[in-house]
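Hi there,

Here is the structure I promised to pass on to you. Have a look at it first, and then read on for what turned up in it.

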Amino acid sequence: MALIVQKYGGTSVGSTERIKNVARRIAKWKAQGHDLVVVLSAMSGETNRLIALAKEIQETPDPRELDVIVSTGEQVTIGLLAMALKEIGLEAKSYCGWQVKLVTDSAHGKARISSIDEGVMRADLDAGRVVIVAGFQGVDENGAITTLGRGGSDTSAVALAAALKADECQIYTDVDGVYTTDPRVEPEARRLKTITFEEMIELASLGSKVLQIRSVEFAGKYKVRLRVLSSFEEEGEGTLITFEEDESMEQAVVAGIAFDRNEARINVKGVPDRPGIAYQILGPIADANIEVDMIIQNVGDHGATDFSFTVPRGEYNKALSILRDMQTHVGAARVEGDDKVAKISIVGVGMRSHCGIASTMFRTLAEEGINIQLISTSEIKVSVLIDEKYLELAVRVLHKAFGLDQKISA
Ligand code: ADP
Ligand code: ASP
Ligand code: MG
């Protein structure tokens with residue numbers, strides 16, 4: 001008998017029929033004698049609908065009130081699942097974030113979890129009930145409802161698993177595991193039986209939305225056994241996130257490919273090549289709370305240099321206007337940009353011990369005539385910025401070049 005935390009995503013609870021399916025799946029686990037804590041997302045599309053409603057009233061919604069609104073999606077699904085379980089004869093109780101005292105800081109829309117009181121949940125588990133908790137939401141020290149950022153139910157689930165010292169945290173979604181890349185873009189993508197925690201952190205942070213990055217960080221910090229599975233298939237072991245590399249296995253050099261369309265590039269051209277220039281350009285961007293991702297500064301030529309960086313696409317216009325306002329002050333010749341760019345990254349712990357991986361990536365893209373605009377690397381990843389219109393093509397050719405296709409590995 002084990003204590004298992006299961007999380008079902010938006011598509012998996014997208015209709016009452018699907019919620020009944022989730023109830024049947026839970027009943028099977030219960031019948032095997034396991035204790036279950038179940039975390040739910042809102043029905044798919046619901047969080048977007050609620051955000052759009054808020055924007056009909058306020059173009060930039062008040063962060064506290066927006067959390068009051070968007071957290072309601074999860075309140076509906078947990079109640080429905082509790083009813084569905086009762087209908088098939090199981091004892092169940094649903095809880096909002098504040099009711100299990102999932103306390104967060106006050107950063108509305110991207111709150112961080114600081115503590116969870118497991119007492120209420122333990123009492124229910126001891127009484128044989130299935131505990132159902134609303135994902136994505138918490139409460140701050142002042143009693144205000146907070147949310148954890150898009151995709152945040154993953155993080156709720158892992159945090160609950162850590163607090164309860166659960167044997168496993170299972171993330172049920174609309175694919176049957178973590179793939180070598182998004183199977184919606186590359187049908188030849190292959191499910192990975194395991195992936196290392198380090199690789200999963202990189203893939204999540206570089207755009208693979210199958211797990212919210214904070215959930216992976218949490219799993220790493222508290223050593224939560226984390227598995228991604230399909231809510232639509234009866235059988236299957238999904239993908240296990242492992243904390244140790246399997247020495248007995250020949251490690252693939254590249255484990256997966258991630259991509260991110262939420263990028264825009266800004267170029268500041270002909271700036272004086274002197275100490276402090278990066279700070280002068282990026283300081284005001286940071287002050288405006290705009291997150292900068294890739295950065296490149298060229299070697300100066302005749303006292304002038306070019307500076308480029310990327311920002312989230314939604315912040316592009318704001319970043320551009322900040323820079324245009326200070327163009328004269330910085331002494332820049334031109335400020336330009338492009339918001340139709342995308343970042344594509346190859347990730348793998350095997351890169352540590354293999355050289356030439358980046359050059360294979362660059363050659364593969366060159367052979368397709370795809371121009372690389374910016375590059376950034378770390379020990380286990382290489383990212384490039386390209387024109388968005390070549391993104392799908394780039395994913396497919398790189399997937400093949402690194403031998404990740406089903407056909408090649410089968
Ligand atoms: P949920 O609503 O269950 O949280 P998400 O839409 O957040 O589901 O995440 C699942 C989706 O993540 C999949 O449908 C798939 O398109 C996408 N995805 C992106 N990269 C990967 C990957 N490497 N492996 C599996 N799925 C991926
Ligand atoms: N419902 C929230 C969202 O759509 C949280 C989640 O699904 O994980 O982002
Ligand atoms: Mg998700």
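Start with ligand 1 and the side chain of D174: an N or O atom there is 2.8 Å from an oxygen atom of the ligand. Please keep in mind as you read that this is a predicted model. D182 also takes part, with a polar side-chain atom 2.8 Å from an oxygen atom of ligand 1. For R184, an N or O atom of the side chain is 2.5 Å from a ligand 1 oxygen. How much of ligand 1 does the protein bury? On its own the ligand exposes 570 Å², and the protein buries 90% of that.

If you want to see the whole surroundings of ligand 1, select the 16 residues around it; the closest are T173, D174, Y179, D182 and R184.

Now move to ligand 2. Here the contacts I can point you to come from the backbone. A backbone N or O atom of G151 is 2.9 Å from an oxygen atom of ligand 2. A polar backbone atom of G152 lies 3.3 Å from an oxygen of this ligand, and for S153 a backbone N or O atom is 3.0 Å from a ligand 2 oxygen. Taken alone, ligand 2 exposes 260 Å², of which the protein buries 86%. The residues around ligand 2 are S41, A42, T47, E74, F136, R150, G151, G152 and S153. They divide into two nonpolar, five polar and two charged residues.

Next, the sheets. As a reminder, strands of a sheet pair through backbone hydrogen bonds, and they can do so in a parallel or an antiparallel way.

One open sheet has eight strands in the order 3-6-2-1-9-11-12-10, and its pairing is mixed. For a parallel pair, look at strand 2 (residues 35-40) and strand 6 (residues 130-134), which are joined by four bridges. Within this pair, V38 stands opposite I132 of strand 6. Helix 1 (residues 16-31) packs on this sheet and touches strands 1, 2, 6, 9 and 11; its direction makes about 170° with that of strand 1. Helix 7 (residues 197-205) packs on the sheet too, touching strand 10 and strand 12, with its direction at about 85° to that of strand 10.

Another open sheet is built from six strands in the order 14-15-13-16-18-17, with antiparallel pairing. Its edge strands are strand 14 (295-297) and strand 17 (374-378), each pairing on one side only. The average twist from one strand to the next is 25°. Strand 14 pairs with strand 15 (residues 304-311) over three bridges in the antiparallel sense, and I296 has S308 of strand 15 as its bridge partner. Helix 9 (residues 277-287) lies across strands 13, 14 and 15, at about 25° to strand 15. Helix 12 (residues 391-401) lies across strands 13, 16 and 18, running at about 120° to strand 13.

Enjoy exploring!

Best wishes

Terms used:
Residues numbered from 1 in each chain as written. Chains lettered and ligands numbered in written order. Predicted model: local features only at pLDDT ≥ 70, side-chain atom pairs only at ≥ 80, totals over all residues. Heavy atoms only, no water. Near = heavy atom within 4 Å. Polar contact = N/O pair within 3.5 Å; in protein donor to acceptor, adjacent residues only side chain to side chain. Areas by Shrake-Rupley, 256 points an atom, 1.4 Å probe, with all protein chains shown as cover. Nonpolar A, V, L, I, M, F, W, Y, C, P; charged D, E, K, R; others polar. Pairing = 2+ DSSP bridges. Helix = DSSP H or I, 4+ residues; strand = E, 2+ residues; numbered from the N terminus. Axes fitted to C-alpha atoms, helices over the stretch in contact; angles between N-to-C directions. Contact = heavy atoms within 4.5 Å.
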